[in-house]
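Colleague: Please take a close look at one pair of packed helices for me. Then show me where the pair sits in the wider picture.

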Number of protein chains: 2
Amino acid sequence: MVITRVAAGEQKKFQVLLGTFIHSKSRAELEYLHNAAVAVDRQGRIAAVVKDRGSVGVARDEVLGQMGWRADEVDVVQCGEGQFFFPGFIDTHVHASQYPNVGIFGKSTLLDWLDKYTFPLESSLSDLAKATKVYTACVRRTLAHGTTTATYFATIDVPATNLLADLCLSIGQRAFVGRVCMDRKGFCPDYYRDESPEDSMRATRETIAHIDEIDPGYRLVSPILTPRFAPSCSKDVMNGLMKLQREKNFPVQTHISENKDEVELVKTIHPGPGSYAAVYDDHGLLTPETVLAHAVHLTEEEGNLISQRESKISHCPCSNSSLASGEARVRWMWDKGIDVGLGTDMSGGYSPSILEAARQATLMSRHLAMQIDDEECREKCKLTVEEALYLGTRGGAVCLGLGDEVGGFEVGKQLDAQLIGLGEVGEDGSRAGENSNDWVDAGNVDVFGWETWEEKIAKWLYNGDDRNTKKVWVKGRLVHSRR
Amino acid sequence: MVITRVAAGEQKKFQVLLGTFIHSKSRAELEYLHNAAVAVDRQGRIAAVVKDRGSVGVARDEVLGQMGWRADEVDVVQCGEGQFFFPGFIDTHVHASQYPNVGIFGKSTLLDWLDKYTFPLESSLSDLAKATKVYTACVRRTLAHGTTTATYFATIDVPATNLLADLCLSIGQRAFVGRVCMDRKGFCPDYYRDESPEDSMRATRETIAHIDEIDPGYRLVSPILTPRFAPSCSKDVMNGLMKLQREKNFPVQTHISENKDEVELVKTIHPGPGSYAAVYDDHGLLTPETVLAHAVHLTEEEGNLISQRESKISHCPCSNSSLASGEARVRWMWDKGIDVGLGTDMSGGYSPSILEAARQATLMSRHLAMQIDDEECREKCKLTVEEALYLGTRGGAVCLGLGDEVGGFEVGKQLDAQLIGLGEVGEDGSRAGENSNDWVDAGNVDVFGWETWEEKIAKWLYNGDDRNTKKVWVKGRLVHSRR
C-alpha cells in the first residue's frame with residue numbers, strides 16, 4: 001500500500017525532524033536551513049530549531065541537548081537525500097461541497113455556473129451518505145496535496161456541515177468550516193435557500209454550537225461566518241452575521257468582485273453603498289478577520305477601503321481563468337498593504353492543489369504583465385516562484401489570523417508541515433530505482449543532479465504534484481504518508 | 001514495479017482491443033464507441049472496427065469473424081471498468097535538449113531566456129553521456145504522458161542529434177528529429193553556432209543520412225529541417241534548406257512571432273520582406289510541410305499568407321504564459337483555415353504533457369475572451385474540452401502530414417493509442433482499493449460514479465496526469481505500461 005491513513009489521536013512523543021527545511025523568509029525570499037534539526041513537543045509545537053551545522057547528526061545532538069530530551073523518548077524523522085521539509089499549504093478558499101464537480105464547467109461563467117452546476121450539487125449534499133463520500137474524499141485529497149489548513153464553504157445544510165467539521169477533526173486537517181448563509185429570494189433558487197434571515201442565523205449558530213462541542217477552543221476546527229456573497233444575502237442576514245461576529249470575533253468568509261456581471265448585479269440589488277466592498281462595509285463585515293475571495297475587479301477606492309479595514313484577500317487563479325472571471329492583481333493588492341493568500345476555489349477552480357494554485361498565480365501575473373507597456377511595471381507585475389510559495393504558506397496563514405501559529409519553522413509555531421521528495425534521473429535516463437520491484441513513482445519532477453536548490457524548488461512548483469508530498473503533519477500529528 | 005519498459009521489436013501477433021474508444025469526430029465533437037472491438041494487424045494497422053454492440057464479447061466475436069483470425073493467434077487487450085482507449089497525443093513542438101530546464105525560467109522572456117538558460121544547456125549536450133541521459137529521460141517521460149508522436153528540436157550537434165533519433169527508434173516513439181540550424185553571427189553565441197552556412201547544410205545532411213540508415217522509409221523516425229528561427233539564420237542557410245526541402249519534400253519546423261521584441265528584431269535583421277512570415281516565405285520555407293511554433297503576434301496579412309501556403313501552427317500555451325510571450329488566437333487561426341496542433345515547447349513550456357498543454361489551451365483562450373466585449377465573440381473565443389483534445393490528437397496529426405495515419409480509430413490508420421484509467425471514489429470517500437496491499441495510485445481524477453462520459457472526459461482534461469495513462473502503443477507496439 002502506498003498511501004497510509006494515520007489513525008486519529010494526538011501526538012504523544014517528542015519528535016525531532018532532521019534535514020533540510022525550506023520556508024519563506026519574506027515575500028521575495030525563501031530561506032534554506034540545511035543540516036538542521038527541529039524539535040517538536042508533545043503538543044505539536046516547535047520547541048527548538050538548530051541549523052547550518054556540519055551534519056544532521058550534530059544538529060540532532062545539539063537540539064536534544066537544548067531540550068534535555070532522551071533519545072528513547074523521541075521519534076526521529078530524517079529526510080532522505082534531496083528531500084526537504086516545507087510548511088503545509090494553506091487553502092484560504094475552497095468549497096468542499098463542490099469537490100465532485102472539479103473540471104466540470106463548460107463555457108459557463110459565474111452566475112450561470114452557479115445555477116447549472118453548483119446549486120444542484122450543493123443541495124444534494126443534505127443526503128448525509130453522499131456528504132460523507134464527498135467530504136471525506138475532499139479532506140483526504142487536499143491533505144494528500146499538502147494542504148494542512150483549509151477554509152471551507154460547506155452548504156446550507158446544518159447536519160452535513162457539522163459532518164464536515166467532524167471529518168476534519170478526525171482525519172486531522174486544520175479547518176475553518178462555514179455553513180453557507182443564502183436567503184435572498186430572486187437570486188437563490190427556491191430549492192436551495194435559507195427560508196428566512198432568522199433561519200439563516202439559527203442554522204449558523206447550530207454549526208457553531210456543534211464545533212464548540214467537538215473542538216472546544218477551536219484547536220483544530222473553527223467555525224467561520226459565511227455569507228455566500230452579496231447577491232444571495234439579505235441585509236438582515238448580513239446585519240445578523242455582523243452582530244454574531246462581534247460576539248466572539250469570529251472569522252468571516254465571502255466572495256467579492258469575481259465577475260463583471262456579478263459586480264453589476266450587486267449594484268442593482270444593493271444600490272445604496274456605492275460599491276461592492278461598501279456593501280459589506282455598510283453591514284460591518286469588512287473586519288480584520290474577513291477573507292474575501294477573488295477581488296478581481298475592485299476599484300482603487302475598494303482596494304483602499306479593504307486595506308483600511310485590514311480585511312484579507314484569497315486569490316484563486318485557477319478559478320478565475322476557468323470561469324473567465326478576470327485577472328486579479330496580487331501586486332496591486334500588496335502595494336495597497338492588503339494581505340493575500342491562495343485559494344483552490346474548487347470547483348470554480350479545477351484542482352485540489354495549492355501547488356497548482358501557486359503555479360497558476362505566476363502564470364496569471366504574466367497574463368496581466370502582457371498587457372502592460374511600461375517595462376518596469378511589467379516586470380514588477382510578475383510573481384516569482386518565491387512569492388507564489390509565500391502566498392500558499394505564510395500569506396495564507398496571515399489571512400486566517402494564524403500568522404503566529406503556522407506557515408514556517410520558527411520556535412513557538414505549530415508543526416503544520418510536509419516532507420517533499422523529488423524524482424531523480426539515473427545516468428542512463430531512467431528514473432532512479434525504476435527497475436526494482438518496490439519502485440514507487442516519484443512523479444514528474446526530474447532532477448538531473450546539477451540543479452541548485454533554487455532550481456529544484458522551481459521544478460517542484462511547475463511539475464510537482466501529490467506524489468512529491470511524502471508526509472504531512474498537522475499540529476505535530478502525522479496525518480498523511482506515502483512512499 | 002509499476003512502470004514497465006517494453007522491449008524493442010516489432011509487433012508480431014494480431015491484436016484485438018476491446019471496450020470503449022473515444023476520439024474526435026470533428027473539432028467540436030468527441031465520438032464515443034462503446035462495446036467496441038478494434039482489430040490491429042501485424043504491421044500495427046487498424047484492420048477492422050466494430051462498435052455499439054450489445055457487449056464487448058459480441059464485438060470481439062464479430063471482429064474475429066470479419067478478419068478470419070483464430071483466437072490463439074490474437075492478443076486481446078480489454079479495458080477495465082471505466083477505462084477507455086484514446087488516440088496517442090501528438091506534440092508538434094518540443095525541444096528534447098531543453099528537458100532538464102523545465103520550470104526554470106525565472107522572470108525571463110524569450111531573448112534573454114535563450115541566452116541565460118537555453119543556449120548553455122543545449123551546447124553542453126555535445127557530451128554524449130549527458131545527451132543520453134537527457135534524451136532518454138525526455139523520450140520516456142513524454143511517452144509516459146501518452147505522447148506517441150513528438151516533433152523534436154535537438155541541438156546543432158550531429159552525433160547527439162543522431163543519438164536522439166536512435167533512442168526514439170529503439171524506445172518506440174514516433175518522432176521527427178531536427179538538427180538545429182543556427183549560423184547567424186551577432187545573434188547566435190560564438191560558443192553555440194554553426195560555423196558557416198555550408199557547415200549548417202552539411203550537418204543537416206549528415207543527420208538525414210543517419211536517419212535514412214536507421215529507419216529507411218521513415219516508418220517511425222523522420223528527419224525534419226530545422227532553421228531555429230529567423231534571427232538565428234542567415235539567408236544562405238534558409239535558401240539552402242529551401243532547396244533541400246524541395247529534394248524530398250522534407251518537413252520543416254521553425255518558430256514565428258513568439259514575442260514582440262523578437263518580431264522587432266526580425267524587422268531589423270530582415271527588413272526587406274515586410275513581415276516575419278514573409279521572411280520565411282521569401283526563402284521558400286512556408287510550405288504545406290512547415291510547422292510554425294507559437295504564431296502569437298501575427299498580423300492579418302501574415303495569417304492569410306500562412307493559410308494560403310497551407311503551413312501549420314503549433315500552439316504552445318504553457319510556454320507562452322510562462323515566458324509572458326502573449327496569447328495566441330487559436331480560433332482566429334481556425335477561422336483563417338489554418339491547421340493547428342499543440343506543443344509542449346519544453347522548456348519554454350514547463351510540462352512534458354500534451355494533456356497539460358490542452359488544459360492550458362482552454363485557459364489561454366479564456367484569457368483572450370476576457371478582453372473581448374462582444375458577448376458572441378467572447379463565447380466563440382473559448383476553446384471547449386473537445387476542441388482542446390482535438391488539438392492534441394487529430395489536429396497535431398494533420399499538422400505533421402499524418403492525418404491519414406494516426407489520430408483516431410479508423411480502419412487503415414496505425415494504432416498510436418493510449419489506455420486511460422481514472423480513479424474511483426469509494427462510498428466511504430476513500431479511493432477504491434486503497435486499503436489493499438497492491439493498491440496503485442490512480443491519480444487525481446476522482447470519479448464519484450454519477451458522472452456522464454462527457455463529464456469524466458472533462459475531469460480527465462483538468463486533473464489527469466501520467467498516472468491515468470496505463471498503456472501506450474505506437475504503430476501497434478506496446479511501448480509503455482503501468483498498473
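**A helix crossing in chain B**

Modeller: The axes of helix H12 (residues 354–369) and helix H15 (residues 453–463), both of chain B, come within 8 Å and cross at roughly 100°. This is a predicted model. Angles of 65 to 115 degrees count as roughly perpendicular. H12(B) and H15(B) are therefore roughly perpendicular to each other.

Now the residues at the crossing. H12(B) brings Leu355(B), Ala358(B), Arg359(B), Thr362(B) and Leu363(B). These meet Trp460(B), Leu461(B), Tyr462(B) and Asn463(B) in H15(B). The residues of this contact divide into six nonpolar, two polar and one charged.

In chain B, Ser347(B) is placed in the loop between strand E16 (340–342) and H12. The peptide bond from Met346(B) to Ser347(B) is cis, with omega near 0°. Chain A has a cis bond too: omega is near 0° from Met346(A) to Ser347(A). Ser347(A) lies in the loop between strand E16 (340–342) and helix H12 (354–369) of chain A. Why point these bonds out? Most residues other than glycine have a negative phi, and most peptide bonds are trans.

Phi gives another spot to check. Tyr218(A) is not a glycine, yet its phi is positive, near 50°. Find Tyr218(A) in the loop between helix H5 (197–214) and strand E11 (221–223) of chain A.

How do the two chains relate?

Step back to chain A as a whole. Chain A has 15 helices and 21 strands. Its C-alpha trace spans about 65 × 55 × 45 Å along the principal axes. A compact globule of 483 residues would have a radius of gyration near 23 Å, and chain A agrees, with 22 Å.

In an unreviewed entry, UniProt places the feature "domain: Amidohydrolase-related" at residues 86–479 of chain A. Over residues 86–479 of chain A, the chain is 42% helix and 16% strand. The end C-alpha atoms of that stretch are 15 Å apart.

Key: Residues numbered from 1 in each chain as written. Chains lettered and ligands numbered in written order. Predicted model: local features only at pLDDT ≥ 70, side-chain atom pairs only at ≥ 80, totals over all residues. Heavy atoms only, no water. Axes fitted to C-alpha atoms, helices over the stretch in contact; angles between N-to-C directions. Helix = DSSP H or I, 4+ residues; strand = E, 2+ residues; numbered from the N terminus. Parallel < 35°, antiparallel > 145°, perpendicular 65-115°, else oblique. Contact = heavy atoms within 4.5 Å. Nonpolar A, V, L, I, M, F, W, Y, C, P; charged D, E, K, R; others polar. UniProt positions renumbered as here; feature names shortened; annotations may be inferred. Rg over C-alpha atoms; globule rule 2.2 N^0.38 Å.
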